[in-house]
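Student: I would like to learn how to read salt bridges in a model. Please start with the general idea and then turn to the case at hand.

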Amino acid sequence: HLVAAHLVVVLVPLAALLSLVARWVASRPMERTASVLLVLAALLAAVAYFSGPGALEIIDPGGSHLSDLAESHALAGRVAFSVVVLTGALALVGLLQEVQGEQPSAVLGWGVILAAVVAGGILVWAAHLGGVIRHPEIRSPTAILSESL
């Protein structure tokens, strides 16, 4: 779970940045690379999302101690997963258009960039909530006190 999730958190913003640079310098190969990264990120997002419950079971058997934190992370993860998959699907449409000899539209390209930026923001929030599960030092002082009582 951790490896796949961390890769997604890195790949999506990287692909968004690469897409922006590709638009700036008019490099279709660079844009194609960014699209491949987004499709890969969508696949890894599926691995991260579906392995989450198993990862929680390992660190919190029975799910009693960290249930509220895990629930928040799971909800953010579900939203992040959905947006990353949508972004990957848009990127895949552009790649398939090229395979068919068509030029992907500029609207699609900008849509992919926008979706990747939004997905990146959601991923950062979901990642933070995941970090809170394993790193009590970043929790609020009141949350730490309530856990110890």
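Tutor: A salt bridge is a side-chain nitrogen of Lys or Arg within 4 Å of a carboxyl oxygen of Asp or Glu. This is a predicted model, in which local features need pLDDT of at least 70 and side-chain atom pairs count only at pLDDT 80 or more, while totals for chains, interfaces and linings use all residues. Residues are numbered from 1 along each chain as its sequence is written, and side-chain values use heavy atoms, with hydrogens and water left out.

Student: How many salt bridges does the structure hold?

Tutor: There are four. In one of them, Glu31 pairs with Arg28, with 3.3 Å between the closest N and O atoms. Glu31 also meets Arg23, at 2.8 Å from N to O.

Student: Where do Glu31 and Arg28 lie in the helix?

Tutor: Helices are DSSP runs of H or I, at least four residues, and strands are runs of E, at least two, numbered from the N terminus. Both residues belong to helix α2 (residues 28-59); because they are three residues apart, about one helical turn separates them.

Student: Are Glu31 and Arg23 buried or partly exposed?

Tutor: Buried means under 20% relative accessible area, exposed over 50%, and partly exposed in between (1.4 Å probe, protein chains only). Glu31 is buried at 12%, whereas Arg23 is partly exposed at 24%. Arg28 is buried too, at 18%.

Student: Which residue of helix α3 pairs with Arg28?

Tutor: Glu98 does, with the closest N and O atoms 2.5 Å apart. This pair links distant parts of the chain, as Glu98 in helix α3 (residues 67-99) and Arg28 in helix α2 are 70 residues apart. Through shared partners, salt bridges join Arg23, Arg28, Glu31, Arg32 and Glu98 into one network.
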